[in-house]
Amino acid sequence: MSKKLTIVLTGGIASGKSLVASKFARLGVHIVEQDLISREIVEPGTAALERIADHFGSAVLHDDGTLNRASLRRRIFDDSRERRWLERLLHPLVGKRTIEMIAMATSSYVIVVNPLLRSRHDPYDLVLVVDAPVNVQIERTMARDNVSRKQAEAIVASQIDRESRLSIADDVIVNDGGLDELTSKTRTLHQRYLCLAGQT
């Protein structure tokens, strides 16, 4: 176990990860968002952005020098070699910054939101999966991102499959009901984590 009880929160696209994280935040839990970290480490002037531009070319940059994420996504979506190259560059940087932010947390336990989690590993003590049926993910993705059903299906299919994600879970929140139900499930887990952190 790490010095600070650390729970990694994961789930497929449009499962409700951010909503669940916000509910934990309202309960006073420190949240580390790896999506935000992944944006910080490729801001203009960073070594990571320079390497990405060198590798993929200026087409992955906007005119103002910021990363053109849509262009980069198109470059790596159907090319596993390029995707792995990008992951090898960014994942260690995200991991290092995550550990730094966990160390700075002052709450009884910490939740790290990691949408791309594929296996159990340090510095996480427990894995919390926010789960939703695939058809619900597809419908939510279409509505949220204004994409076609075919695009939404492709995005969902490109992620780790639901069964594999659930197989590494210590706790699961099934997000297929209303907000009140989701709040109740979050509060129940909050009490469990406080107990594990020795706070109750």
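## The nonpolar core

Let's start on the inside. The largest nonpolar core has 28 residues, and the members that touch the most others are Val-42, Ile-52, Phe-56, Leu-67, Leu-72, Leu-86 and Leu-90. At least two residues of this core come from each of helix H3 (47-56), helix H4 (69-77), helix H5, strand E3 (109-113) and strand E4 (126-131). Helix H5 gives the largest share, seven residues. In soluble globular proteins, nonpolar side chains tend to be buried together.

A nonpolar core is a set of buried Ala, Val, Leu, Ile, Met, Phe, Trp, Tyr and Cys residues joined through side-chain atoms within 4.5 Å. Buried means under 20% relative accessible area, exposed means over 50%, and partly exposed lies in between (1.4 Å probe, protein chains only). Helices (H or I, at least four residues) and strands (E, at least two) are DSSP runs, numbered from the N terminus.

## About the model

This is a predicted model, in which local features need pLDDT of at least 70 and side-chain atom pairs count only at pLDDT 80 or more, while totals for chains, interfaces and linings use all residues. Residues are numbered from 1 along each chain as its sequence is written, and side-chain values use heavy atoms, with hydrogens and water left out.

## Salt bridges

How many salt bridges does a search of the whole structure find? It finds eight. A salt bridge here is a side-chain nitrogen of Lys or Arg within 4 Å of a carboxyl oxygen of Asp or Glu. One of them joins the side chains of Asp-170 and Arg-120, at 2.9 Å from N to O. This pair links distant parts of the chain, 50 residues apart: Asp-170 is in the loop between helix H8 (162-167) and strand E5, and Arg-120 is in the loop between E3 and E4. Asp-170 is partly exposed at 33% relative accessibility, and Arg-120 is partly exposed at 43%.

Another salt bridge connects Arg-162 with Asp-131, where the closest N and O atoms are 2.8 Å apart. Here, too, distant parts of the chain are linked: Arg-162 is in helix H8 and Asp-131 in strand E4, 31 residues apart.

Arg-149 is partly exposed at 37% relative accessibility, and Glu-139 is partly exposed at 41%. Elsewhere, Lys-96, Arg-97 and Glu-100 are linked in a network of salt bridges.

## Patches on the surface

Now look at the outside. Arg-81, Arg-83, Arg-84, Arg-88 and Arg-118 form a positive surface patch. Among them, Arg-88 sits in helix H5 (residues 80-104) and is exposed, with a relative accessible area of 57%. For charges, Lys and Arg count as positive and Asp and Glu as negative, while His and the chain ends are not counted. The place of a charge is taken as NZ of Lys, CZ of Arg, CG of Asp or CD of Glu.

A nonpolar patch on the surface is formed by Leu-166, Val-172 and Val-174, with about 180 Å² of accessible area together. Val-172 lies in strand E5 (residues 171-174) and is partly exposed, with a relative accessible area of 39%. Patches are made of residues with over 30% relative accessible area and no salt bridge; like charges are joined within 9 Å, and nonpolar side chains (Val, Leu, Ile, Met, Phe, Trp, Tyr) within 5 Å. Accessible areas come from the Shrake-Rupley method with a 1.4 Å probe, and for residues only the protein chains shown count as cover.

## Two loop residues with positive phi

Which residues have a positive phi although they are not glycines? Ala-14 is one of them, with a phi of about 60°. Ala-14 is in the loop between strand E1 (5-10) and helix H1 (17-26), and it counts as buried at 10% relative accessibility.

Asn-146 has a positive phi of about 55° and is not a glycine either. Its place is in the loop between H6 and H7, and Asn-146 is exposed, with a relative accessible area of 71%.
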